[in-house]
Amino acid sequence: MKKAWKSLAEAAARTFSEMAFIDVTEALKVPETLEYSQIIHISLFEPVKGEIALFLPADCKRMIVENIYGSDWTGLDAAEIDDCLLELLNVLAGNFLIEYCGTGVKHDISLPDLLFDDNELKNGYQNFYFDADGINLKISIKISSP
């Protein structure tokens with residue numbers, strides 16, 4: 001899982017920086033609690049099978065959406081906010097596969113979706129915590145084939 005962690009850390013840093021202008025680094029300490037309302041999820045099919053789940057607190061969602069759209073999120077409808085966050089995970093998954101499997105390797109992923117309950121995720125995930133400009137977030141990953 002060391003390779004997955006390194007690949008995920010690189011992908012998260014690049015994705016958040018390039019899309020949302022947010023510095024994301026490894027959290028120095030695992031938070032006792034992490035408040036979130038939805039889980040943003042995507043499945044990986046090729047060249048590895050697995051899943052990635054993104055757990056974002058409301059303040060982090062707001063920062064991402066406002067940075068990407070360049071405006072206050074109160075002026076956006078729920079679909080625009082959800083689409084923005086789903087696309088962030090889509091790009092993160094692609095960047096992860098590039099880091100994990102190398103460039104030039106064809107990959108296949110699902111469309112990202114929103115989950116509303118942890119029970120929708122099966123066992124086997126590794127949890128990684130990050131700091132996004134002072135806000136903690138969690139990315140869970142499950143790789144079921146090399």
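Trainee: What joins S2 to S3?
Mentor: In this predicted model, a hairpin of three residues links S2 to S3.

Trainee: And how many bridges join the two strands?
Mentor: Strand S2, residues 39-46, is joined to S3 by six bridges, and the two run antiparallel. Within that pairing, Leu44 stands opposite Gly50 in S3.

Trainee: Is S3 mostly covered or exposed?
Mentor: Strand S3 spans residues 50-55 and is mostly covered, with six of its six residues buried.

Trainee: Which residues lie on each side?
Mentor: Gly50, Ile52 and Leu54 are on one side, while Glu51, Ala53 and Phe55 are on the other; both faces are covered. In a regular strand, side chains alternate between the two faces of the sheet.

Trainee: Changing topic to H2: how many residues does the helix have, and what is its reach?
Mentor: Helix H2, residues 58-69, has 12 residues. From its first C-alpha to its last it reaches 16 Å, close to the 16 Å expected at 1.5 Å a residue.

Trainee: Which of its residues are buried?
Mentor: Cys60, Lys61, Met63, Ile64 and Val65 are buried in H2.

Trainee: What do they pack against?
Mentor: The buried residues of H2 pack against helix H1 (2-20), helix H3 (78-101), strand S6 (126-132) and S7.

Trainee: What comes just after H2?
Mentor: Gly70 does, and Gly70 takes a positive phi of about 70°.

Technical notes:
Residues numbered from 1 in each chain as written. Predicted model: local features only at pLDDT ≥ 70, side-chain atom pairs only at ≥ 80, totals over all residues. Heavy atoms only, no water. Buried < 20%, exposed > 50% of the residue type's maximum accessible area, 1.4 Å probe, protein only. Helix = DSSP H or I, 4+ residues; strand = E, 2+ residues; numbered from the N terminus. Pairing = 2+ DSSP bridges. Expected span 1.5 Å × (residues − 1). Contact = heavy atoms within 4.5 Å.
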